[in-house]
Amino acid sequence: NFLSSKPGISIPNSGELLSDVFNSLEFVLTDSQKDVLREIRTDFSLPKPMNRLIQGDVGSGKTIVSILAASMIIGNGYQVALMAPTELLAEQHYKEYSSFFNQFNISVSLLIGKMNSKEKKRIYSALKTGSIDVIIGTHALFQDDVEFKSLGLVIIDEQHKFGVNQRKRLISKGKYPEVLAMTATPIP
């Protein structure tokens, strides 16, 4: 792992945003989701970058865990990037993340290949100044034009669909950010 020896960002507390988002949930987390969240919180407090994989069936709640993890990062002043392998999946994540974060004035944007260049330039500028808190996209996220003010967490959905170098290109856009990969349980 090319991150393991690097000094990462350390997030000593989970922040108010996590409490706000958690309290806005209309359901109760499962014990497994709570356990994973506790482990992520511990990882975030350490001085080395987290590199964690969440594996679970479709519908098992990986996305809500990632949203709560993102809440901790955003609540501590960092940006979050979520990369998905298809535009459809990126758009689904964008809708879900927006539904949780818009009520707290957290800026969530979408960056996909089919957007026009004017819209992409607006997003590039907003990412660089830090006015976008969460960017969700496809391979478009690791292009050269994408720069972050303070990338703190990279979430990679269906991480097996990206090559090592593709994941590394996105991760290298931050100063050793936390990394959370998600994948569905393989069918035997």
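A pocket is an open set of grid points with protein on both sides within 12 Å along at least five of seven lines, and its lining residues have an atom within 4 Å of a point. The exercises below use this term on a predicted model.

**Exercise 1. The largest pocket**

Task: Find which residues lie nearest the centre of the largest pocket, and describe its lining by element and by class.

Solution. 
1. The largest pocket holds about 350 Å³ of space.
2. Its lining consists of 17 residues, and V58, G59, K62, T63 and D157 are the ones nearest the centre.
3. At least two lining residues come from each of α3, α4 and β6 (178-184).
4. With 4 residues, α4 gives the most to this lining.
5. Sorted by class, the lining has 5 nonpolar, 7 polar and 5 charged residues.

**Exercise 2. α3 against α4**

Task: Classify the packing of α3 and α4 from the angle between them, and state which residues make the contact.

Solution. 
1. Helix α3 covers residues 62-75 and helix α4 covers residues 87-101; their axes are 11 Å apart and the angle is about 55°.
2. The crossing of α3 past α4 is right-handed.
3. From α3, the contact uses T63, I64, S66, I67, A70, S71 and I74; from α4, it uses H93, E96, Y97, F100 and F101.
4. These residues divide into 7 nonpolar, 4 polar and 1 charged.

**Exercise 3. α2 against α3**

Solution. 
1. α2 passes α3 in a right-handed crossing.
2. On the α2 side the contact is made by Q33, V36, L37, I40, R41 and F44, and on the α3 side by I64, V65, L68, A69, M72 and I73.

**Exercise 4. α1 against α3**

Task: Decide how α1 and α3 run relative to each other, and list the residues that meet.

Solution. 
1. Helix α1 (residues 15-24) and α3 have axes that come within 7 Å and cross at roughly 150°.
2. Angles over 145 degrees count as roughly antiparallel, and α1 and α3 are therefore roughly antiparallel to each other.
3. α1 makes a right-handed crossing with α3.
4. L17, L18, V21 and F22 of α1 meet I67, L68, S71, M72, I74 and G75 of α3.
5. This contact has 8 nonpolar and 2 polar residues, and no charged ones.

Technical notes:
Residues numbered from 1 in each chain as written. Predicted model: local features only at pLDDT ≥ 70, side-chain atom pairs only at ≥ 80, totals over all residues. Heavy atoms only, no water. Axes fitted to C-alpha atoms, helices over the stretch in contact; angles between N-to-C directions. Left-handed = near helix turned anticlockwise from the far one by under 90°. Contact = heavy atoms within 4.5 Å. Nonpolar A, V, L, I, M, F, W, Y, C, P; charged D, E, K, R; others polar. 1 Å grid on protein atoms, 1.4 Å probe; cavity = no way out; pocket = protein on both sides within 12 Å on 5 of 7 lines; lining within 4 Å. Points joined across faces, edges and corners; volume = space filled by probe spheres on them. Parallel < 35°, antiparallel > 145°, perpendicular 65-115°, else oblique.
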